Amino acid sequence: GAKNLIFVGNDQTILRLMSCLPDIDATFGYIPLVSPSVLASVFGIPCGAKAVEVVAGRLIETLDVGKMDDRYFLTEVALPNTTAAVEVGGKYRVSPATKGSIGIRNLGSICVKGKSLADPKDGKLEIVIQSEMKSGGFWSRPELIESRFLLTEGCIVSKDAVHGFIDCQAMSATKMKFSIFPKKLRFITGRQKTL
């Protein structure tokens, strides 16, 4: 019957529980104890005791949540070093030109530094497909080619098992359906949020 649940710990404290949080009718808060904290930075929450003031301020954002098969995710599904494809509506498939990576982002990548954030309030998942392409010439360096598009649902298909991460936790399968659940999670944020 609790209406507010506050997590105290680090980013993994929240991400490990994401598979069940969206089904709980409560507003969630976060008091990060470890710095740096990517989620704390995105949500505009300072580390340590000052986070209590942010939680007490109760500035609430309603966020979308992604779902891969039966598992919810907040940040992203990352499939590195893969030849898998994203199937859209059973009509067409998009895959890396060579072995590459596929990201299905709701909030964005927090496991890899320098990755951009997606919009967790737009009702869509950002699909990012990357592969290295060599340009002509002996001395040329591989160039990273990236394609991005937005979907509300789709499927990852592969003839071999695909290994990757959901919210930084390992996963493996050959076919996975993904979708977005708009406005599924209420989260207390600070005024300095980057959402």
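Biologist: How many disulfides does this predicted model hold, and how do you know?

Modeller: The count is 0 disulfides. The rule asks for two cysteine sulfur atoms within 2.5 Å. For Cys-47, the closest cysteine sulfur belongs to Cys-168 and is 18 Å away, so a bond is ruled out.

Biologist: What makes Cys-47 buried, exposed or partly exposed?

Modeller: Its relative accessibility is 34%. Buried means under 20% and exposed means over 50%, so Cys-47 is partly exposed. Cys-20, in the loop between H1 and S2, has 36% and therefore gets the label partly exposed. Cys-155 has 7%, which is under 20%, so Cys-155 is buried.

Biologist: What lies 7.3 Å from Cys-20, C-alpha to C-alpha?

Modeller: Tyr-72 does, although 52 residues separate Cys-20 and Tyr-72 in sequence.

Biologist: What makes the pair of Tyr-72 and Phe-181 stacked or edge-to-face?

Modeller: The centres are 5.8 Å apart, with 75° between the planes. Over 60 degrees counts as edge-to-face, so that is the label. The pair links strand S4 (residues 71-73), which holds Tyr-72, with strand S12, which holds Phe-181, across 109 residues. In total the structure has 3 aromatic pairs.

Biologist: How do you know whether Tyr-72 and Phe-181 are buried or partly exposed?

Modeller: Tyr-72 has a relative accessible area of 5%, under the 20% limit, so Tyr-72 is buried. Phe-181 has 28%, between 20% and 50%, so Phe-181 is partly exposed.

Biologist: What sits over the ring of Tyr-72?

Modeller: The charged end of Lys-67, 4.6 Å from the ring centre. The distance limit is 6 Å.

Biologist: Which residues have the most contacts inside the largest nonpolar core?

Modeller: That core has 25 residues, and those with the most contacts inside it are Tyr-30, Leu-39, Phe-43, Ile-45, Leu-74, Leu-185 and Phe-187. H2 supplies the largest share, 4 residues. Beyond four places in sequence, Ile-45 touches residues including Tyr-30, Ala-51, Val-54 and Phe-187. Another core, of 20 residues, lies apart from it and has Val-77 and Leu-79 among its members.

Technical notes: Residues are numbered from 1 along each chain as its sequence is written. This is a predicted model: local features need pLDDT of at least 70, side-chain atom pairs count only at pLDDT 80 or more; totals for chains, interfaces and linings use all residues. Side-chain values use heavy atoms; hydrogens and water are left out. Buried means under 20% relative accessible area, exposed over 50%, partly exposed in between (1.4 Å probe, protein chains only). A nonpolar core is a set of buried Ala, Val, Leu, Ile, Met, Phe, Trp, Tyr and Cys residues joined through side-chain atoms within 4.5 Å. Helices (H or I, at least four residues) and strands (E, at least two) are DSSP runs, numbered from the N terminus. Contact means heavy atoms within 4.5 Å. Rings of Phe, Tyr and Trp (its six-membered ring) pair if their centres lie within 6.5 Å; planes under 30 degrees apart count as stacked, over 60 as edge-to-face and the rest as tilted. A charge sits over a ring if NZ of Lys or CZ of Arg is within 6 Å of the ring centre and within 35 degrees of the ring normal.
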